[in-house]
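Here are my notes on this model. Please read them with the coordinates open.

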Amino acid sequence: MLTLTLIIVFLLPFVVSDLSINTYYYTVILQGHALEGWSYELKNIHKLNCLLECSKKSDCLSVNYNQKDRVCQINNQILETSSVENNIFQTPEFCYIERKCFMRDCGDILQCYSSAVSGEYVMQPSDGGPEFTVYCDIRESGNWTVIQRRQDGSVDFYRNWTEYKEGFGNVNTEFWLGNEQINRITSDGHFELLVELTNHLNVTKIANYSHFRVGTEESNYTLTISEYTGTADDSLAYHNGQQFTTYDRDNDKKSGNCAEEYKGAWWYKYCYESNLNGLYLTPGTIAAANYDKGILWHHFKGTKYSHKITQMMVKRAPKGEL
């Protein structure tokens, strides 16, 4: 009887983008071993092309690759569905690579989870960077990746540049996903933004933008936004082209620091028409000195009213849409 110990060896940083259905990463889990008896195709191609070939075949579940002879062995089984005892043999120049599905954003969710429901999922954008957790809002209008939520004041949003860069809070309650993560998602194609605003009378209005992108840190996470539709009226166009500002990184156009003055962090200009990361204020706690420092959307209840619930979320726009 052949006995083998399975050890995770390393992660291959291969990221396959521009596929019609999905994107995948691969984990080498048996360095020096290969599946036997399940191969249905052999090709003399480069390792990366071997992975691409597997990605394009619905019945390919794993591959073996012989680096020395550049032989790609495409298999229709993985360890969980084949007999380890009978169908793996030791061949040092081969490695077994398991194909795993990952999501660039919540738009890919049904390709990985056929019965997906709204909740917490792990994302892996196609830039090859680290994974991160998001909340996917699954609804008839699409599968949305939530990037911000305010609902009860349980999380302090008056934070510094690094915290807004990396993200903070809990994706199941209140949080900011992180400017770095928002950039990584929205740089991978065309995205639209949906902003949902609920006041303290539980009236909800929306603002939808068919083009939304956040730039890199080198651009200070510059906002690109256009093509508004909705019921809340447009309080974000004023901020188009603006850089992100926090109390310790002043990138607005005003002589002072808008984030420090209005106790938030946003794409301020001179200073704002919207300020969704401002202080969480309820009608009974709004003091005269704070009325303009809350969660504000100028065209829905004005700049003297702090909203009860806000949610910002993005989804991939149809191919070619700007």
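1. A contact here means heavy atoms within 4.5 Å. On that basis, take contacts in the protein chain between residues at least 6 apart in sequence: 57% of them join residues at least 24 apart.

2. This is a predicted model. The protein chain averages a pLDDT of 83. Of its residues, 81% score at least 70. Residues 1–23 are the stretch to watch, with pLDDT below 50. Beyond near neighbours in sequence, that stretch still has 56 contacts in the model. Where pLDDT is low, the predicted coordinates should not be read in detail.

3. Secondary structure comes to six helices and 17 strands in the protein chain. The chain has 322 residues, and 50% of them count as buried.

4. Which residues touch the most other members of the largest nonpolar core? They are Trp 176, Leu 193, Phe 212, Trp 297 and Met 312, in a core of 56 residues. Strand E12 (residues 191–198) gives this core its largest share, five residues.

5. Trp 176 deserves a look of its own. Leaving out residues up to four places away in sequence, Trp 176 touches several aromatic residues, including Phe 157, Tyr 164, Phe 168, Phe 244 and Trp 267. Its partners also include Ile 147, Ile 182 and Met 312. Gln 148, Gly 167 and Asn 277 are touched by Trp 176 too.

Note on methods
Residues numbered from 1 in each chain as written. Predicted model: local features only at pLDDT ≥ 70, side-chain atom pairs only at ≥ 80, totals over all residues. Heavy atoms only, no water. pLDDT = per-residue confidence, 0-100. Helix = DSSP H or I, 4+ residues; strand = E, 2+ residues; numbered from the N terminus. Buried < 20%, exposed > 50% of the residue type's maximum accessible area, 1.4 Å probe, protein only. Core = buried A, V, L, I, M, F, W, Y, C linked by side-chain atoms within 4.5 Å.
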